[in-house]
Amino acid sequence: MKIQPFHLAIPVSDLEKCRKFYKETLGCGEGRSSDHWVDFNFFGHQLVIHYKAPEETSAVISNPVDGKDVPVPHFGVVLEWDVFHEFAKILKSKEIDFIIEPYIRFEGKPGEQATMFFKDPSGNALEFKAFKNMDQLFAK
């Protein structure tokens with residue numbers, strides 16, 4: 001099955017700060033934009049950041065997972081195993097403030113995966129992950 005790109009629009013309280021973050025920190029190509037929104041090529045998907053006053057955005061909450069506080073909501077992409085580890089090194093070199101540092105879940109078990117969480121400058125939570133075996137993306 002061919003995977004289609006998703007479209008996600010998120011609120012940001014500082015358009016220029018977030019534009020710089022997605023372009024320079026995450027390496028996303030910029031597409032169309034206006035004075036209120038910016039399109040990005042988010043790892044082959046369409047991410048749009050829309051300006052929204054801070055008082056109009058909702059707070060991020062968390063759920064406990066593996067003894068860690070996982071922010072909800074969050075979004076991100078599944079990367080290839082080696083790409084994930086290289087990307088994690090790049091983010092560390094850019095001094096990203098991780099909510100959850102890169103680590104391995106389910107090590108040696110079905111669904112073994114690398115994961116990391118951090119926020120953009122407006123507090124939107126992102127998760128990037130990679131599966132040791134992509135065939136186990138939905139493994140139980």
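## The sheet holding β8 and β9

In this predicted model, strand β8 and strand β9 (residues 113-119) pair in the antiparallel sense over 5 bridges, where strands are DSSP runs (E, at least two residues) numbered from the N terminus and two strands pair if DSSP finds at least two bridges between them. Phenylalanine 98 stands opposite phenylalanine 118 in β9.

The open sheet to which these strands belong has 4 strands in the order β7-β10-β9-β8, and its pairing is mixed. Because β7 (74-79) and β8 (98-105) each have a single partner strand, they stand at the edges, and one side of each is left without a neighbour in the sheet. The twist averages 15° from one strand to the next, with axes fitted as lines to C-alpha atoms (for helices over the stretch in contact) and angles running from 0 to 180 degrees between N-to-C directions.

Helix α2 (residues 81-93) packs on this sheet and touches β7, β8, β9 and β10 (125-131), while its direction makes about 30° with that of β9; helices are DSSP runs (H or I) of at least four residues, and contact means heavy atoms within 4.5 Å.

## Basis of the values

Residues are numbered from 1 along each chain as its sequence is written, and side-chain values use heavy atoms, with hydrogens and water left out. As the model is predicted, local features need pLDDT of at least 70 and side-chain atom pairs count only at pLDDT 80 or more, whereas totals for chains, interfaces and linings use all residues.
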